[in-house]
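Hi everyone, thanks for coming. Please have a look at the sequence and the model on the screen, and then I'll walk you through a few things in it.

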Amino acid sequence: MSQSASDLDQITTAADAMPRGVSLWQDAWVRLRKNKLAMFGLVFLAVMILLCLFAPLLTPYGYEEQNLRLGAIPPSAAHWLGTDTFGRDLLTRILYGGRVSLMVGFIATSVALVVGVTYGAIAGYVGGRVDAMMMRLVDILYALPFMIFIVLLMVVFGRNLLLLFLAIGAVEWLTMARIVRGQVQGIRQQEYVEAAISLGLSPAAIIRKHVIPNVLGPIIVYTTLTIPNVMLLEAFLSFLGLGIQPPMSSWGLLISYGVETMEEYPWLLIFPGISLTLTLFALNFLGDGLRDALDPKASRD
Amino acid sequence: MWRFLGVRSLQAIPVIFVVITVTFFLVRAAPGGPFSNEKAVSPQVQAALEAQYRLDQSMLQQYFSYMADLLRGDLGPSFNFPGRTVNEMIFQGLPITAELGFYALLVALIIGVLAGVIASLKPNTAQDYVPMSLAMVGICMPSFLLGPMLVLIFGIWLDLLPVSGWGAAPGDKVLPSITLGAMYAAYIARLSRSGMLEVMSQDYLRTARAKGLPERVVVIKHALRAGLLPVISYLGPAFAGLLSGSFVVETVFQIPGLGRFYVQAAFNRDYTMILGTTTFLATLIVAFNLLSDFIAAWLNPRLRYQFQKKK
């Protein structure tokens, strides 16, 4: 009994010693781990998300909790990042605002992701005239001055959160569609896709099971790089007063309040600004790192 | 080559047409008209106003007469500023916005190319990391944050430069230009770095070095020309972006340019002004994108050759 167990041990150690197959993902992870900036981005993001998520447990103040007698005071032991003119704790407001900013970033990016990947995959897979028409539509939309359109949309149809997601998602899906289409065109020529066709799989099943998993790398990379763009757009709209509405807050909104009172209370501008900039920084570094890790051939511009 | 230019120009027309049409119906679909905020007016006045601005006609009629006017280059009267036409207001704001955009582009090009080329000369050293990290700051710091921060530091704390206005006090053009140009400087830095890195390993540069040319000549005369191609093709979209993106900076620094008119018009539901500025900006953007395609094709012999072969 003990004899056979040690045999088994020996066999498993032998197996461990053999060069194991390394999947693309393990390989990419190893490369990503070596990239210090990308790892900083990953850790920073994780910490920021956790802080925002558990904000109610972390701070003793409510985010609308006013203290008019206190007013605006600079950072102190009780209020680490100071308070605003209503005596509201800035750190608390930044954490709660971060929830909204990050949520908008992730949800609007998901909209762009779903629409872009579906559209691009269909265009690339079907090809021919359908593809030409679908991509011409993307070209036309690309040429529209979207910044202007979003402002128009938010002014015209009121300021609701759902519309904000849709409007931002509607802009960001275009690049995703282009990238996916280009990748899918290449994959469509591969033998395994032909094999799947001759096996009688439906185009939808082929796209889902064989095509999309193989373009996951570029999709992940581009998604990571879309999130900061989306967050920037949301912050910008909120800054103009067209995005998130009070009593909710986001980093963009906090910055716009900060601008109003920056002469007297500069910390109200500086700290929300640092939160936004650092988060965007982290996301961009992570995206760049992922690109280098998943697609070593891609250029770094 | 000429065919390529022709096809690209023709493609631009439906784009502009779609922009105008979508904007037209989007604006009309909005709840609340341009005159709904105003104090109660008598029905006769209301009717006269609506007749004057053709609001009594059906939507399609309005659309067609607007398009007909547009073909003659007439963008109509402003709803919000009685007695002034949209054309007048655009031509009042445009020079200011264009000047701002030009300075910003200058800032972006000088800083961006310099940083990118310097970084590309010694890749993966401090000389590379420092400018490129700064470029990342430029990308991550939105202009509505950078602008106020610059105002705070240079305008208020150091009291070196005016904090708002345009052409009213000496030096008041500096901060807006830097604010608007910063993000583009960052992109240009990254583009020129990667462009230069690609070119540096080419055979003809090895030849140039083998001839014994000093490194300065190799970089400036031989590498830059090809290495900056990506920057050139980025210039069109960049200038277009500068024009349409300037409204943040114009709002922050209170500059009476096109962008501020646009934001005001959007908030006031000034139909014709919104339509006019959107049409104008969209045309400008499309034109600049086209122009940069042409310049890129003209500068790149390989691309030029491809077009000639296609014929």
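Let's begin with chain A: among its contacts with a separation of 6 or more, 70% are between residues 24 or more positions apart. Two residues are in contact if their C-beta atoms, placed from the backbone, lie within 7 Å.

A quick word on the source: this is a predicted model, where local features need pLDDT of at least 70 and side-chain atom pairs count only at pLDDT 80 or more, while totals for chains, interfaces and linings use all residues. Residues are numbered from 1 along each chain as its sequence is written, and chains are lettered from A and ligands numbered from 1 in the order in which they are written.

Chain A has 13 helices and zero strands. Here, helices (H or I, at least four residues) and strands (E, at least two) are DSSP runs, numbered from the N terminus. Of the 301 residues in chain A, 43% are buried, meaning that 20 or more other C-beta atoms, placed from the backbone, lie within 10 Å of a residue's own.

Now, where do the chains meet? In chain A, 29 residues are in contact with 35 residues of chain B. On the chain A side, α13(A) gives the largest share, seven residues.

Finally, visit chain B. Gln254(B) sits in the loop between α10 (229-252) and α11 (258-268) of chain B. Gln254(B) is not a glycine, yet has a positive phi of about 55 degrees. Most residues other than glycine have a negative phi. Gln254(B) is also exposed, with 12 other C-beta atoms within 10 Å; the cut-off for exposed is 12 or fewer.
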